[in-house]
Amino acid sequence: MGGPEPRPGRSAADQVGHFYPIELVRAITVTWLFSGLRSDEIARLRLGCIRWQHQNAPIHGDSDQVLARDAICLLDVPTHKTGTAFTKPVDPILGRAIDAWQDVRPGQPLFVDRRTGEQVNLLFAFRARRISSSYINNTVIPMLCRKAGVPAADVRGNITSHRARSTIASQLYNAKEPMTLFELQAWLGHRSPQSTQYYAKITPATPTRAYTDAGYFERNVRTIEVLIDRDAVEGGATAAGEPWQYYDLGHGFCNYTFFEQCPHRMACAKCDFYTPKDSSKALLLEAKDNLQRMLATVPLTDDERAAVDDGQAALDRLLGQLADVATPAGPTPQQISAAVQATLLPVSRSTRG
């Protein structure tokens, strides 16, 4: 059974035993989350407000084979504060929850619609009583917050029935294939697009997705293997200035601490921070047991990316630009006379996890 509905002026003891069936509570909750309706509109929904459609033809709600594929669920919304009655598509999970409640809903008397004055068969009624429009705020939201272990308020204030309406509107506007402003206006039942603009806020995910689609990260970031000498770190040798990280350049190691800032990182000029792999020092390093191998990211400039992607001609241009640029040790590649032997840094494409 679902939770009780608080009734103004009644003590807690008086309210004991006024429980709703779980199908009713679930249907109201799912309608609140997925319909984008105001609490008053939810309370005034009519029996039979859910319709199923497949290929522009109405179908029965228990057509399991069709519903499992691509049936459309339609919700009939009654006259509301900003417009007349209309029909909108909703998620099938909402339709199934309402169908489940209608299957077990006991017969109820007709009620007077508070807005139109009509005698109607309300969807959300039980024991000859209509569900209050405050039921979501007073019972459903506190119950969900309590079960989820989250506070009933956040930086935006109290979580109210209107929160779900604004949230789903923002999600539809920021979806991968978003609704236009006018489509969202029709779905929310607004009289004017000015009202809809309040909900149509671009979330951080939208520019993030655009940035991701631009592919900047994949184009301009590479990874290189780096060896961490844990003996040097744990033994305190690093405090005395001893090197502890070694970037694997393929033909040797670089122990310059700020390697990612070195202008010669993509084509090492073999300054004093360089150790050839065929040297005894490099062989001793690779023979250590307490080495940790990691990957470090290397952001590339346009010239460096061209050297990686376009081959020797681009590499020669890069080397020419760096010929008179000082290395971390001081001398330029021209002074070291290493530009002719320079080889491109062995990097691999970096992907986000």
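**Getting to know a predicted model**

Reader: What share of the 353 residues counts as buried?

Author: Welcome! This is a predicted model, where local features need pLDDT of at least 70, side-chain atom pairs count only at pLDDT 80 or more, and totals for chains, interfaces and linings use all residues. Residues are numbered from 1 along each chain as its sequence is written, and side-chain values use heavy atoms, leaving out hydrogens and water. With buried meaning under 20% relative accessible area, exposed over 50% and partly exposed in between (1.4 Å probe, protein chains only), the buried share of the 353 residues is 39%.

Reader: How many helices and strands does the protein have?

Author: Both kinds are DSSP runs numbered from the N terminus: helices are H or I with at least four residues, and strands are E with at least two. Counted this way, the protein has 16 helices and 16 strands.

Reader: Which residues have the most contacts inside the largest nonpolar core?

Author: A nonpolar core is a set of buried Ala, Val, Leu, Ile, Met, Phe, Trp, Tyr and Cys residues joined through side-chain atoms within 4.5 Å. The largest one has 34 residues, and those with the most contacts inside it are Leu-24, Ile-28, Ile-50, Leu-75 and Phe-124.

Reader: Which residues does the second, separate core include?

Author: That core has 15 residues. Among them are Met-266, Val-298, Leu-318 and Leu-322.

Reader: Is Cys-49 buried or exposed?

Author: Cys-49 sits in the loop between H3 and E1. Taking contact to mean heavy atoms within 4.5 Å, and leaving aside neighbours within four places in sequence, Cys-49 is in contact with Leu-74, Leu-75, Asp-76, Ile-98, Gln-102 and Leu-123. Because its relative accessibility is 2%, Cys-49 counts as buried.

Reader: Is Gln-261 buried or exposed?

Author: Gln-261 belongs to the loop between strand E13 (252-254) and strand E14 (274-276). Gln-261 and Pro-299 are 38 residues apart in sequence, while their C-alpha atoms are 9.3 Å apart in space. Because the relative accessible area of Gln-261 is 56%, this residue is exposed.

Reader: What is the phi of Lys-270?

Author: Most residues other than glycine have a negative phi. Lys-270 lies in the loop between E13 and E14, and at 30% relative accessibility it counts as partly exposed. Although Lys-270 is not a glycine, its phi is positive, at about 65°.

Reader: Which residues lie nearest the centre of the largest cavity?

Author: On a 1 Å grid over the protein atoms alone, a cavity is a set of points where a 1.4 Å probe fits but cannot get out, and lining residues have an atom within 4 Å of a point. Grid points are joined across faces, edges and corners, and a volume is the space filled by probe spheres set on the points. There are three cavities of 30 Å³ or more, and the largest has a volume of about 80 Å³. Of its 13 lining residues, those nearest the centre are Cys-254, Cys-262, His-264, Cys-268 and Ala-269.

Reader: How many residues of that lining are nonpolar?

Author: Ala, Val, Leu, Ile, Met, Phe, Trp, Tyr, Cys and Pro count as nonpolar, Asp, Glu, Lys and Arg as charged, and the others, Gly among them, as polar. In the lining of the largest cavity, two residues are polar and two are charged, while the nonpolar ones number nine.

Note on methods
On a 1 Å grid over the protein atoms alone, a cavity is a set of points where a 1.4 Å probe fits but cannot get out, and a pocket is an open set with protein on both sides within 12 Å along at least five of seven lines; lining residues have an atom within 4 Å of a point.
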